[in-house]
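Thank you all for coming.

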Amino acid sequence: MLRTSKAWWAALAVVLCATAGLADNGENRYEENYSKRFTFHGGRVTVEHSFGSVVLDTSSGPDVEVRATVRASDPDFGRQIHIIAAEDGRGVTVRTEYPGHSTHHGNFSYSVDYHITVPANAPVSVRNSFGSIEASGVRAASEFINAQGSIRLRDLGGPQRIENSFGSVDVTNLGGPVTISNANGSVRAHDINSNLDVKNRFGSVEIQNAHEDVAVMNTNGSVTVTDTGGSLAVTNSFASVTITNVHGNLAVAGQNSRVQAQTIRGNANIATTFGSVEVRDVGGPLTVKNENGSIQAEGINGDFNADTRFASVRAERIRGSADVDNANGSVQLTDVSGNVKVHTSFGSAFVRNAGGRVDIENQNGAIGVSGLARGACRPVSLRTSFSSIKVAMPATASYSVNAKTSFGRINSSIPMTTTAESNETVVGTINGGSCRMELVNSNGSITIERE
C-alpha cells in the first residue's frame, strides 16, 4: 500500500492551486515578454526553473538568446517574478525567482515559459519542475532534470543524462551514450546510436533501434525492446517483457512477469516467476528458469536448459541437447539433435525425434518416446510410476532391453529374443541388442511398439 504524508498532499494542493490555468485562458491579467542575448565564451549553459516550460534549441552562431513569457492572474504578483540571466567564467546561467504567495487567498495562477537558443557545441544543464522540457540539436554532453513534467529530446549528440519523475521521457536520435532515470512516468527511446541505460518504475519502457548495448531496469511497468545492435539486459517485475531482434546476448530477470523473446542472435538467459516464457529463434544456447509459469521454446541453435514448477515445458527444433527439470507439469520435446534429459512429476513427458541419449525420470505421469535416431547407439532410460511408459521405434532398431514394472503389464509388438520374461519383467534383445534400453515402472504398463 502506498503511504503519502499529509504534508506532501498539502504541498501538492498549493502547487495545483498556483499552477491552475497555466495556459492563457482569459483569466490571466498580467503578461510580460523578456529577451536577453549573450555571446557564449565557454563553460556551460545552466537553466534553473519551475512552473513553466523550457524549450531549448541550437544555432550555428556563438550567441545564447534567452526569451521568456511571464504570466500571472495577479498583476502585483506577476511584477515580482524575476528572470535572472547572467554570464561569468563558468558560462551562462538562467534562473527564475518567484515571490512568496502567502498573502494570497483563493485561486490564482502564474507561469514562466522559456525559449532558449544556444550554440550547438555548448554543454547544457536544465533543471525544471512543474513544467515540460524540450530540447533539440545539442551536440555536447548535457543533462536534463525534471519533476512533474515531461521531457522530450530530439537530435542530440554526446553523452546525455536524463532524470524525471511524474512525467514521461521521450528521446529520439541521440548520438552519444544515454542514461535515463524516471519514476511514475513512461520512457520511450528510439534511434539511440550508442549505449543506453534506462531505470524506471511505475511506467512503461519502450525502446526501438538502439545500435549498441542496452540495459533496462523497471518495476510495475511493461518493457518492450525492438532492434538492438548489441547485447540486452532487462530486469522487471509485475509487468510484461517483450523482446524482438537482439544482435547480441539477452539476459532477462523478471518477477511476476510474462516474457516473450524472438530473434536473438546470441545466447539467451531468462528467469522469471508467475508468468509464461515464450522464446523463438535463438542463435546460441537458451537457459530458462521459471516458477509457476509455462515455458515454450522454438528454434534454439544450441543447448536448451529449462527449470520450472507447476507449469508445462514445450520445446521444438533444438540444435543441441535438452535438459528439463520440472514438477507438477508436463514436458514435450520435439526435434532435439542432441541428448535429452527430463525430470518431472505429476505430468506427462513426451519426446519425439531425439538425436542422442534419452533419459526421463517421472513420477505420477506418463512417458512417451518416439522417433529414435537410426544408426548409432542412442541409449534410452525411462522411469515413472502410477502411469504408462510407451516407446515407439523403427523395426530395424537394435536394443538390449531391461523392462520392469509392478501392478502392470509389459507388451512388445517388435520381435524380441528374451532371456528372462514374466508379466512384470522382460529382459532381452531386439535385432542383436547393440544399445541399452532400460524401462522401469511402478503401478503402470510398459509398451514397446513399431514406428
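**A walk through the model**

Let me begin with Phe 407, which counts as exposed because its relative accessibility is 68%, where exposed means over 50% relative accessible area, buried means under 20%, and partly exposed is in between, with a 1.4 Å probe and protein chains only. Before I go on, a word on the source: this is a predicted model, in which local features need pLDDT of at least 70 and side-chain atom pairs count only at pLDDT 80 or more, while totals for chains, interfaces and linings use all residues. Residues are numbered from 1 along each chain as its sequence is written, and side-chain values use heavy atoms, with hydrogens and water left out.

Phe 407 is found in the loop between strand S38, residues 399-404, and strand S39, residues 410-412; strands here are DSSP runs of E with at least two residues, numbered from the N terminus. The phi angle of Phe 407 is near 55°, a positive value in a residue other than glycine. Asn 431 also has a phi near 55°, again positive in a residue that is not glycine, and Asn 431 sits in the loop between strand S41, residues 425-430, and S42. With a relative accessibility of 45%, Asn 431 counts as partly exposed.

Now, which residues does Gly 444 contact, once its neighbours within four places in sequence are left aside? They are Ser 387, Thr 405, Ser 406, Phe 407, Gly 408 and Arg 409, contact meaning heavy atoms within 4.5 Å. Gly 444 itself lies in the loop between strand S42, residues 436-440, and S43, and it is buried, with a relative accessible area of 8%. Its C-alpha atom is separated by 4.8 Å from that of Ser 387, although the two residues are 57 apart along the chain.

Strand S37, residues 389-393, is largely enclosed by the rest of the structure, because four of its five residues are buried. S37 pairs in the parallel sense with strand S35, residues 367-370, over three bridges, and here two strands are said to pair if DSSP finds at least two bridges between them. Within that pairing, Val 369 stands opposite Val 391 in S37. S37 also pairs with strand S43, residues 446-450, in the parallel sense over five bridges, and there Lys 390 stands opposite Thr 447 in S43.

Parallel pairing can be followed elsewhere too. Strand S21, residues 241-246, runs parallel to strand S23, residues 259-264, and five bridges join them, with Gln 260 in S23 as the bridge partner of Thr 242. S23 in turn pairs with strand S25, residues 277-282, in the parallel sense over five bridges, and in this case Ile 264 stands opposite Val 282 in S25.

What about the interior? In soluble globular proteins, nonpolar side chains tend to be buried together. The largest nonpolar core in this model has 112 residues, and those that touch the most other members are Ile 207, Ile 243, Ile 270, Phe 304, Leu 333, Leu 382 and Met 393; such a core is a set of buried Ala, Val, Leu, Ile, Met, Phe, Trp, Tyr and Cys residues joined through side-chain atoms within 4.5 Å. Not counting residues up to four places away in sequence, Ile 270 touches, among others, Leu 250, Val 252, Val 259 and Ala 261.

Two more residues deserve a look. Asn 146, in the loop between strand S10, residues 142-145, and strand S11, residues 151-156, counts as buried at 4% relative accessibility. Leaving out residues up to four places away in sequence, Asn 146 touches several residues, including Asn 128, Ser 129, Glu 163 and Asn 164. Ala 86, by contrast, lies in strand S5, residues 82-88, and counts as partly exposed at 38% relative accessibility. Apart from its neighbours within four places in sequence, Ala 86 is in contact with Phe 38, Gly 91, Val 92 and Thr 93.

I will stop there and take your questions.
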